[in-house]
Amino acid sequence: MGKRVALVLAGCGVFDGSEIHEASAALVHLSRGGAEVKIFAPNIEQRDVVDHLKGSPTEEKRNVLVESARLARGNIQDLAELKTSEFDAVIFPGGFGVAKNLCSWAVDGKNCTVNEHVNSTLQAFHSAKKPIGLCCISPVLAAKVFPGCEVTVGQDKDVDGRFPDAETASAIVELGCKHICKNVNESHVDKANKIVTTCAFMCKAPLHEIFDGIGTMVQEVLKLA
């Protein structure tokens, strides 16, 4: 029987929601791994709505759950309804929506607050010793909620212009966590906390390398589940 995995989204679109390619890659690898997946998102208003053609905010208002339903093909539930006992693992794709809607990292950095349902979901899986997978910017959720944990967002220096957000690693260290440098096609497993992370689009890399890196994260999560 396949593992039961909850996938938590933050909207639809890299600049104000979940990164679509990351969410899709996670779903493809979970499908390949024989997992049974259910998708969730918090029923809250987005922090902002970005015109992805112009790259600038609009005056529009959108709901995170409603927008996430686009990625879930309509098959989605309110995160408040997630029951940890029904799942073996949880995975959070990245995208600016994680830093804007699931927490306030985009505005407050390491002093951010985490959405109450996101926080309670992470705490519940951790307490149940069930694995948590995070990619791109979403490892900052673990860094904020679980001081002392180990995560990766890629490299802690901007190597050859491939890691423009390398300062995120320093903020993770300032939160009392350990940052592990990894390449885009790798993931890191914090065995003590059952947290698996990979950098995805925190690295400027070809899409297939990001896809492969997310694959390693999914595989490790399924092994731990």
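Contact means heavy atoms within 4.5 Å. The model is predicted, so local features need pLDDT of at least 70 and side-chain atom pairs pLDDT 80 or more, while totals for chains, interfaces and linings use all residues. Residues are numbered from 1 along each chain as its sequence is written, and side-chain values use heavy atoms, without hydrogens and water.

**Exercise 1.** List what Trp-105 is in contact with, leaving aside neighbours within four places in sequence.

*Solution.* Trp-105 is in contact with Ala-99, Lys-110, Cys-112, Ile-137, Val-140, Thr-168, Ala-171 and Leu-175.

**Exercise 2.** Check the span of helix 5 (residues 116–127).

*Solution.* Helices are DSSP runs of H or I with at least four residues, numbered from the N terminus. The expected span is 1.5 Å times one less than the number of residues. For the twelve residues of helix 5 this should give 16 Å, and the end C-alpha atoms are 16 Å apart, which agrees.

**Exercise 3.** Which residues of helix 5 are buried, and how are they arranged?

*Solution.* Buried means under 20% relative accessible area, exposed over 50%, partly exposed in between (1.4 Å probe, protein chains only).
- Step 1: Val-118, Thr-121, Leu-122 and Phe-125 are buried.
- Step 2: The face turned away from the buried side carries the exposed residues Glu-116 and Ser-127.
- Step 3: The cover over the buried residues includes helix 3 (96–102) and helix 6 (139–145).

Key. Helices (H or I, at least four residues) and strands (E, at least two) are DSSP runs, numbered from the N terminus.
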